[in-house]
Amino acid sequence: MKLTVNATKKYDIVSFPSFDRLAEEIKKKVRGKNVLIVSDDNVAPLYMKKTIDALTGFSVFTFVFPTGEKSKNVDTYLKIIGVLAERGFVRQDCVVALGGGVVGDAAGFAAATYMRGISFVQCPTSFLAMIDSSVGGKTAVDLPQGKNLLGAFYQPDLVYIAMETLRTLPEREIRCGMGEAVKYAFLSDSISPDLLKKGVTEELIFKCLKIKADVVEKDEFDKGARAFLNLGHTLGHAVEKLSDFSLSHGECVVKGLSKIIDMSAKKYSLSKEKKQRMVSLLALSGTEPDLPFDLSEVLRETVHDKKREEGGVNFVLLKDVGEPTSVLLTVEEAEALLQ
């Protein structure tokens, strides 16, 4: 399948059964001959050789770092930059992110800033990365004070989805991606409960991607409508941080969404029927929605969110399924909605 994203840099999202078409697709977009594959030590043993073998005609280098959000830091970023410099990469050369969201974010930020920007290809290997972080151009690393505080908007030249990578994902990683897919279902009625019940399908992946691509095209630099894609994320990121990243991103989004439903129900006096529809939709994620931490502690952590403004933090609430709205709330106001 194929979907074109018409951002400041026009690029394609393509899916194939394997990595066999990777070189062919990259050559349509990239003029250089050097490729640095950035991956982590979970994905590399599974797919690094296949990726290298597929990149015929390129000089291929690799960089592998430890799996997990804790590696998405300035140190990892500088090591990637160091490899690019040592190997003499130029702007026409390419960084390939082979992995999930952590790999894509760190590799993308390195590509965005090395020589003020070199070619960049996303090869997402997790369900979550396929439908979310690989598309839209948000690249970043974390600081001790919070997630994604050092970053840049930098669209990829290509997103290449090898469907075979879904076969090796553990069940927890599937649930992680389903948490994000359910978020899209809250934002648009183009994703039905029946489609979610089928599990991970190419159809579901591209329906999620179409929703995100449409939003990115309207608001690439996150000044307005793109904020709606943060539904569940403000609280979710706080839970991630408090768990020391032992909980996955998608799991935390679900937990954040559960409280957003409660906040929305109170602020907008939602009917029991509307609220139950939302609760039933959230249950399709397969993730336990309850917060594992004290609510006050979670809300206090939101002040470190990058979506904060003078006077509070932006929360995306729901007037109904398909009707998100952004509201600036202080911690005290958010807590009052959850009493």
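This is a predicted model: local features need pLDDT of at least 70, side-chain atom pairs count only at pLDDT 80 or more; totals for chains, interfaces and linings use all residues.

Author: The contact draws on His 233, Leu 235, Gly 236, His 237, Val 239 and Glu 240 from α9. On the α10 side, the residues taking part are His 249, Cys 252, Val 253, Lys 255, Gly 256, Lys 259, Ile 260 and Met 263. Sort that contact by class and you get six nonpolar, five polar and three charged residues.

Now for the geometry. Helix α9 covers residues 233–242 and helix α10 covers residues 249–267. Their axes come within 7 Å and cross at roughly 130°. With that angle, α9 counts as oblique to α10, because a pair would have to be over 145 degrees to count as roughly antiparallel.

What sits in the loop between these two helices? Asp 244 does, and its backbone is worth a look: phi is positive, about 60°, although the residue is not a glycine. Most residues other than glycine have a negative phi. Asp 244 has 46% relative accessibility, so it counts as partly exposed.

Thr 287 lies in the loop between α11 (272–283) and α12 (295–301). Is Thr 287 buried or exposed? Its relative accessible area is 11%, so Thr 287 is buried. Setting aside neighbours within four places in sequence, Thr 287 is in contact with Glu 251, Val 254 and Arg 175.

Finally, hop over to strand β1 (residues 2–6), where you'll find Thr 4. Thr 4 counts as partly exposed, with 26% relative accessibility. The side chains of Thr 4 and Asp 12 are joined by a polar contact of 2.8 Å. Beyond its neighbours within four places in sequence, Thr 4 is in contact with Lys 10, Tyr 11 and Glu 217 as well as Asp 12. Thr 4 and Leu 158 are 154 residues apart in sequence, yet their C-alpha atoms are 9.6 Å apart in space.

Notes: Residues are numbered from 1 along each chain as its sequence is written. Side-chain values use heavy atoms; hydrogens and water are left out. Axes are lines fitted to C-alpha atoms, for helices over the stretch in contact, and angles run from 0 to 180 degrees between N-to-C directions. Helices (H or I, at least four residues) and strands (E, at least two) are DSSP runs, numbered from the N terminus. Angles under 35 degrees count as roughly parallel, over 145 as roughly antiparallel, 65 to 115 as roughly perpendicular and the rest as oblique. Contact means heavy atoms within 4.5 Å. Ala, Val, Leu, Ile, Met, Phe, Trp, Tyr, Cys and Pro count as nonpolar, Asp, Glu, Lys and Arg as charged, and the others, Gly among them, as polar. Buried means under 20% relative accessible area, exposed over 50%, partly exposed in between (1.4 Å probe, protein chains only). A polar contact is a pair of N or O atoms within 3.5 Å; within protein, one must be able to donate a hydrogen and the other to accept it, and residues adjacent in sequence count only if both atoms are side-chain atoms.
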